[in-house]
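This report describes selected local features of one protein model.

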Amino acid sequence: MLKNIAVIRGDGIGPEIVNETLKVLDRVAELYGHTFNYIDVDMGGCAIDKYGDPLPETELKKCLKSDSVLLGAVGGEKWNDVPGNIRPEKGLLRLRAGMGVYSNIRPAKIWPQLADASPLKKSIVEQGIDFIIVRELIGGIYFGEHKTEGDTAIDVLKYSESEIERIGRIGFETAQKRNKKLCSVEKSNVLDSSRLWKKVMHRLADEYPDVELSDMLVDNCAMQIVKNPAQFDVIVTENMFGDILSDEASMITGSIGMIPSSSLGATTCGLYEPIHGSAPDIAGKDIANPIGTILSAAMMLRFSFDMLKEADAVENAVSAYLDKGYRTADIMSEGGKLVGCKQCGDIITQNLRKE
Ligand code: IPM
Ligand code: MG
């Protein structure tokens with residue numbers, strides 16, 4: 001199959017982790033007889049430097065015309081005070097909205113090889129950590145009005161029933177494919193938008209009788225994720241709660257550097273990115289962990305290209321790498337073999353086998 005993949009390297013460690021991922025994709029293409037065309041797209045701080053805009057229309061168009069988008073990371077200190085409040089992150093938000101990718105899937109799964117890297121007690125880790133956060137991605141406070149008037153700043157949080165319903169359905173459908181437990185997370189003891197959220201979720205529940213729906217307040221959820229993560233199967237939540245909870249959920253699995261994500265909307269053209277940021281402090285040192293991006297590419301193969309065997313092959317290659325004891329600095333523990341970003345990409349590429 002021929003696929004056109006828009007590639008956004010971005011800022012900080014973005015270029016390094018994307019380069020390793022392309023090595024893996026090239027090997028997949030070779031093994032399975034596919035052709036992947038990469039279309040370079042500038043977004044983030046590097047686009048501000050080049051065009052004065054974190055995502056010019058021409059760059060967004062390249063993404064919309066592609067079969068899917070692979071993204072490293074954007075942002076960095078350097079662009080925090082650009083006049084006119086033009087931030088690299090604005091490019092990312094414009095891309096998500098422009099592509100209409102409202103459904104963001106962030107798995108929190110512990111690799112057995114990395115059980116020691118979790119900051120949680122062994123007795124908790126042993127009960128298992130394997131859940132998915134379904135995060136609404138193009139609504140809520142991220143996309144409400146933002147303004148500052150004198151000494152007061154305003155950010156508007158709003159959700160319509162239809163916005164809640166479409167992400168709610170993804171939550172139920174995701175749970176149907178797993179252990180059929182969906183936890184809807186909100187703050188309905190305080191927020192109107194959360195009360196609407198809860199109402200819509202319960203209305204939808206009638207259509208998915210095989211899924212057990214529960215409600216949880218977001219503050220309690222933050223606590224439960226560290227206290228008893230084994231209770232969760234699928235969590236569905238709004239944009240900002242999902243942002244915060246997914247960082248927390250990633251950390252209990254060992255490292256945020258390991259976690260991929262997929263974002264999809266009405267079409268199969270998706271956006272695939274690790275959930276971590278651009279980590280400018282370690283950029284260019286060849287110590288970043290490219291696995292979050294490599295696993296995001298596996299999600300692209302599975303969800304956008306329907307290349308299920310190819311996706312399994314990538315995940316198995318990552319698992320074989322971990323089995324052999326290789327570790328980048330973020331997941332290094334006693335007895336591990338320390339490798340850099342490039343070496344990590346090379347070893348995973350070498351481990352790829354046709355399934
Ligand atoms: C994420 C990031 C982004 C977000 C930032 C970079 C805008 O934290 O993907 O989780 O808040 O969505
Ligand atoms: Mg985040």
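## A buried aromatic pair

Phe131 has a relative accessibility of 0% and therefore counts as buried (buried means under 20% relative accessible area, exposed over 50% and partly exposed in between, with a 1.4 Å probe and protein chains only). Phe232, at 5% relative accessibility, is likewise classed as buried.

The model is predicted: local features need pLDDT of at least 70 and side-chain atom pairs pLDDT 80 or more, while totals for chains, interfaces and linings use all residues. Residues are numbered from 1 along each chain as its sequence is written, chains are lettered from A and ligands numbered from 1 in the order in which they are written, and side-chain values use heavy atoms, with hydrogens and water left out.

The structure holds five aromatic pairs (rings of Phe, Tyr and Trp, the last by its six-membered ring, pair if their centres lie within 6.5 Å; planes under 30 degrees apart count as stacked, over 60 as edge-to-face and the rest as tilted). One of them joins Phe131 and Phe232 in a tilted arrangement, with 5.6 Å centre to centre and 50° between the planes. Phe131 belongs to strand β5 (residues 130-136) and Phe232 to the loop between α8 (218-227) and β10 (234-237), so the pair ties together parts that are 101 residues apart in sequence. Helices (H or I, at least four residues) and strands (E, at least two) are DSSP runs, numbered from the N terminus.

Val236 is found in strand β10 and is buried, with a relative accessible area of 0%. Leaving aside neighbours within four places in sequence, its contacts (heavy atoms within 4.5 Å) include Val134, Ile167, Leu182, Trp197 and Met201. The C-alpha atoms of Val236 and Met201 are separated by 9.5 Å, and the two residues are 35 residues apart along the chain.

Ser246 is found in helix α9 (residues 239-252) and counts as buried at 3% relative accessibility. Beyond its neighbours within four places in sequence, Ser246 is in contact with Arg106, Ile133 and Ile275.

## Packing of α1 and α10

The axes of helix α1 (residues 14-32) and helix α10 (residues 291-304) come within 8 Å and cross at roughly 40°. That makes α1 oblique to α10 (angles under 35 degrees count as roughly parallel, over 145 as roughly antiparallel, 65 to 115 as roughly perpendicular and the rest as oblique). Axes are lines fitted to C-alpha atoms, for helices over the stretch in contact, and angles run from 0 to 180 degrees between N-to-C directions.

Ile17, Val18, Thr21, Val24, Leu25 and Val28 in α1 meet Thr293, Ile294, Ala297 and Leu301 in α10.
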